[in-house]
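Subject: Structure handover and notes on side-chain packing

Dear colleague,

I am passing on the structure we talked about, together with my notes on it.

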Amino acid sequence: MAAGTSDDVILEVRNLRKYFPITKGFIFQRQVGAVKAVDDVSFFIRKGETLGLVGESGCGKTTTGRVILRLMEPSAGEAYFEGRNIFALNKEELRRMRRNMQIIFQDPYSSLNPRMTVGDIIGEPLEIHNLARGKEKVRRVQELLEVVGLSPYHANRYPHEFSGGQRQRIGIARALAVNPKLIICDEPVSALDVSIQAQVLNLLEELQKEFGLTYLFIAHDLSVVKHISDRIAVMYLGKIVEIATADELFANPQHPYTEALLSAVPIPDPGMRRERIILPGDVPSPVNPPQGCRFHTRCLYARESCKVNDQQLIDVGGGHYVACEVLPFRHQRSRAAVLKAPTA
């Protein structure tokens, strides 16, 4: 997949793999298999862009984000941030690089240290990267709290004194403390009420415009992803099966898995409904994924060749990439886009 021009791409991931070994034996442990959580994933993100990464639980979205930041070490592949290979950096180089790459965790309850005040939580990155100390740190913390919609006096409180939405705002403030260029948002609104989700999403969009941020937005809610993303990548069982702009993906999904996902998105109109696509079978195990196309065991269009040939992303026009060899033989009109009036 082409990565665009080098001057506008801030992050490029090439053939990323992350396998978790399965061992057997109490004393002399030996590896008997591996969980292929991420298997040959490639994509890029342009500066100031939001790339949404979607898929069902267990498909490898969160693992992808954490490996890029080297919170987990990769099994293979490369990741380039502003032209530098993240996986080739030593400990000190990585520490300096992390000032430009931050993460907002999914769970606002477990991601904040309950023994630290909010001021200490937000101020800790400032001290680690030698950006501010003493009164300057206090001033910066208060400024960050105001930026995310909280009051400066909240700096003296502890995380248990806040609601889930307020805790996530604290997590966002902590990520912003070091003036990063890229933020990986790991399902930042999935644990929040719907009304609070809208507030946090609007805050993320405002911050992106104000500070020129780039987001990798990981989620499983397609409606949320469409609202905030410029482009969307769809993952299934450790692989990316489709990438397109948000509008193009929703208007013209090409991969059968994307079709099925979009058919389940509710329509905010009681007079219309989508034709629901029910996939047969269960998601295969990442320990022993199917040969060939990983989706062929549940695909409504699968052919014999799909059981043999591993699918690669191909450009079908306009930056729309699809990993599906039966694409030319399918109907042009997407089933996921069919709308019908409900029957009486």
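This is a predicted model: local features need pLDDT of at least 70, side-chain atom pairs count only at pLDDT 80 or more; totals for chains, interfaces and linings use all residues.

I begin with the nonpolar packing. The largest nonpolar core has 61 residues, and the residues with the most contacts inside this core are I122, I172, L176, I183, L204, F217 and I232. To take one of these, L176 is in contact with R140, L144, V147, V148, I183, L207 and L213 once its neighbours within four places in sequence are left aside. There is also a second, separate core, which has 33 residues and includes F43, I45, F87 and Y321.

In one of them, the rings of Y236 and Y257 have their centres 4.7 Å apart, and because their planes stand at 55° the pair is classed as tilted. Y236 belongs to strand β9 (residues 231-236) and Y257 to helix α9 (residues 256-263), so this pair ties together parts that are 21 residues apart in sequence. Y236 and Y257 are both buried. Y236 also pairs with F295, in this case edge-to-face, with 5.1 Å from centre to centre and 85° between the planes. Since F295 lies in the loop between β11 (273-274) and β12 (314-315), while Y236 lies in strand β9, the contact ties together parts that are 59 residues apart in sequence. F295, like Y236, is buried, and the ring pairs link Y236, Y257 and F295 into a cluster.

Two lysines are placed over aromatic rings. K18 lies over the face of F20, at 5.1 Å from the ring centre, and the charged end of K36 sits over the ring of Y19, 5.8 Å from its centre.

As for the cysteines, the structure holds zero disulfides. C299 is in no disulfide, and the nearest cysteine sulfur to it, that of C324, is 6.1 Å away.

Two polar side chains complete the notes. S263 is found in helix α9 and is buried, with a relative accessible area of 5%; a polar atom of the S263 side chain lies 2.7 Å from the backbone oxygen of A260. N113, by contrast, is partly exposed, with a relative accessible area of 34%, and is found in the loop between β6 (101-104) and α3 (118-128). The side chain of N113 reaches the backbone nitrogen of R115 at 2.9 Å, and, not counting residues up to four places away in sequence, N113 touches I121 and P159. For a sense of distance, the C-alpha atoms of N113 and I267 are separated by 39 Å, and these two residues are 154 residues apart along the chain.

With best regards

Terms used. Residues are numbered from 1 along each chain as its sequence is written. Side-chain values use heavy atoms; hydrogens and water are left out. A disulfide is a pair of cysteine sulfur atoms within 2.5 Å. A nonpolar core is a set of buried Ala, Val, Leu, Ile, Met, Phe, Trp, Tyr and Cys residues joined through side-chain atoms within 4.5 Å. Buried means under 20% relative accessible area, exposed over 50%, partly exposed in between (1.4 Å probe, protein chains only). Contact means heavy atoms within 4.5 Å. Rings of Phe, Tyr and Trp (its six-membered ring) pair if their centres lie within 6.5 Å; planes under 30 degrees apart count as stacked, over 60 as edge-to-face and the rest as tilted. Helices (H or I, at least four residues) and strands (E, at least two) are DSSP runs, numbered from the N terminus. A charge sits over a ring if NZ of Lys or CZ of Arg is within 6 Å of the ring centre and within 35 degrees of the ring normal. A polar contact is a pair of N or O atoms within 3.5 Å; within protein, one must be able to donate a hydrogen and the other to accept it, and residues adjacent in sequence count only if both atoms are side-chain atoms.
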